[in-house]
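Dear colleague,

My notes on it come after the display.

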There are 2 protein chains.
Amino acid sequence: MNEETGLRERKKQRTRELLSKTAIELFLERGFDQVSVAEVAAAAEVSKPTLFRYFPAKEDLVLHGIADHQGEAARVVRGRAPGERPLAALRAHFHERLDAHDPITGLCDVPAVLAYRDLLYGTPGLLARLTLYALEDERELAAALGEAGADGMTARLGAAQIITVHQVLARGNWERLADGASAAAVLGDAHMDADRAYELLGDGLGVRGL
Amino acid sequence: MNEETGLRERKKQRTRELLSKTAIELFLERGFDQVSVAEVAAAAEVSKPTLFRYFPAKEDLVLHGIADHQGEAARVVRGRAPGERPLAALRAHFHERLDAHDPITGLCDVPAVLAYRDLLYGTPGLLARLTLYALEDERELAAALGEAGADGMTARLGAAQIITVHQVLARGNWERLADGASAAAVLGDAHMDADRAYELLGDGLGVRGL
DNA sequence: ACAGAAAACGCAACCGAGTAACAAAAGATT
DNA sequence: AATCTTTTGTTACTCGGTTGCGTTTTCTGT
C-alpha cells in the first residue's frame, strides 16, 4: 500500500535537494555569511518560510549531506563480524573509507569537495553545528560499545576518544590536501596516520612517552 | 606609570561583570532563549549597543567566566616538574581540582553552579559555543605536548583525547550530582573514574578489551 | 584648574535569521 | 467533478547584532 511513491513526496525531495544545492553553490562563491537566506530562497524559487520548512536553520542547508553519515561508527560496531573487536572493526572500516577517498576521511581531492571543506572549517557557525552532530554520533557509539560489553564509563570514554580521533585524522588529511597535494600522493601517509592513531587508541599514550 | 588602575578601566570591569551577572540571573530564572538581550541590557541599565561592545554575542554573556580557564591544560603541561610526564602532571592536576570541587571537573554541588551547568548543557547554542572554546584549548595543549617532545600527529591526537576525556569526566560527575547526590558523596567515585580514564589514556583501550 | 583629545555611551535606524497567521494553490480521495 | 488535506506564498513580526552620529564622560597636557 505504501510504494514510497507519490508525486508529493518526489517533489518535496527535489525541492529539498535543489535548496541545498543552490545554497552551497552560492556559499562557495561568496561565503556563508555573505549570502542571505532570502537570496537562497529566491535563487531556488521558493519563499523564505518554505525554505525554513525544509531546513530548520541556515547551517543545515550546508550540513544536510553530512547528516547522512550520522551514526556510522555505531553501525560499524554493531555490524562487525562475530568475535571481532570493536576497535578492529572501526580501524578496518576507516582504512576502507580511506581507500575509497571518502570525504569523511578528509582524503578527497575533488575540487568541489575541497572547497566545501574550506567552507566548513572556515565558518565558525558551521563548525559549531558540526560538533553538535558529532556529539550525537558519540552517544550512539557509546551505546554500541556498551552493547559490546564495555561498562558505562569505558564505553563513553572510548566513544569520545574514537570520534575525536576520526576528527583529528580527517583534519590532518584535509590540511595536506589544502597544501596542494593530491589524494593519491598522501594516501600512504594517511594510512600510516590512521594506523598510528588506532595503535594509540589501543595501546595508550603511554607507549609514546606521554 | 601604568599601575593597572584608572577609573575608566575599573568602571569597564564593573560594567562587564554586572552585565554577565545580570544576564546569568535572568537566564537561570527563565531560560536562555526566553530572555532577550534587550532585557538584559535594560536590567543592567546600559543600551543594547553597549552590551555588544562588551560581549560579541549573547552566548558570551554566559561563557565569560569559563574563558578564564582557557588554556589551563597547556599551562599544566608547560609548568610540570622537570622529568615529570605530561600525562602524569595532568592527572595529578585533575585530582587536585577534584578535591577542590572545582566546577570545571563537574564536581561542585553549590546550587548556583549546578543550575548554571543545567543551563549550559540544556542550551544547544551554549553547548556549541563551549565546544569552540574547547577546540582552542586543544590546539594550545597540542602545542605544549609538541614542546614536550611528541611528534606533530601524536601531539594532536593526544591533546584531542585528553580534552575529550576531561569533558566526559566532567559530564559524568555532573550527572551524578544532577541525580541529587552530594559532591562529598561521589568524590570517591569521581577519583576512581579519573584514575580509570587516565589509565585508559596511558595504556589504551586495548586493555579493556575493545 | 581648565581646555581639548580620546574614549565610551545612548539613540535611532537598520540588516538578517527565524516564526506566526492566514489565504491561495496543488495533490490526494471519493 | 467535488471535497479534503497538505503545501505554499504573502505579510508582518520578534530578536540578535551592527552602524552612524551626536553627546557625555574620562584622561591628558598645560
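Predicted model: local features only at pLDDT ≥ 70, side-chain atom pairs only at ≥ 80, totals over all residues.

Chain A holds 10 helices and zero strands, so the elements read from the N terminus as α-α-α-α-α-α-α-α-α-α. Its C-alpha trace spans about 55 × 50 × 30 Å along the principal axes, and of its 210 residues 48% count as buried. When contacts in chain A between residues at least 6 apart in sequence are considered, 66% of them join residues at least 24 apart. Chain A exposes about 10,300 Å², of which carbon and sulfur atoms supply 52%, and the mean positions of its 25 positive and 32 negative charges lie 6 Å apart.

Turning to DNA strand C, there are 21 residues around it, and those that come nearest are Lys48(A), Lys58(A), Lys12(B), Thr50(B) and Tyr54(B). From chain B, an N or O atom in the side chain of Arg53(B) is 3.0 Å from a base oxygen of DNA strand C. The elements giving two or more residues to this surface are α1 (7–30) and α3 (48–54) of chain A, together with α1 (7–30) and α3 (48–54) of chain B, and the largest share, four residues, comes from α3(B). Of the atoms of DNA strand C within 4 Å of the protein, 61% belong to sugar or phosphate, and the rest belong to bases.

With best regards

How values were computed: Residues numbered from 1 in each chain as written. Chains lettered and ligands numbered in written order. Heavy atoms only, no water. Buried < 20%, exposed > 50% of the residue type's maximum accessible area, 1.4 Å probe, protein only. Contact = heavy atoms within 4.5 Å. Areas by Shrake-Rupley, 256 points an atom, 1.4 Å probe, with all protein chains shown as cover. Lys, Arg positive; Asp, Glu negative; His and termini not counted. Charge placed at Lys NZ, Arg CZ, Asp CG, Glu CD. Near = heavy atom within 4 Å. Polar contact = N/O pair within 3.5 Å; in protein donor to acceptor, adjacent residues only side chain to side chain.
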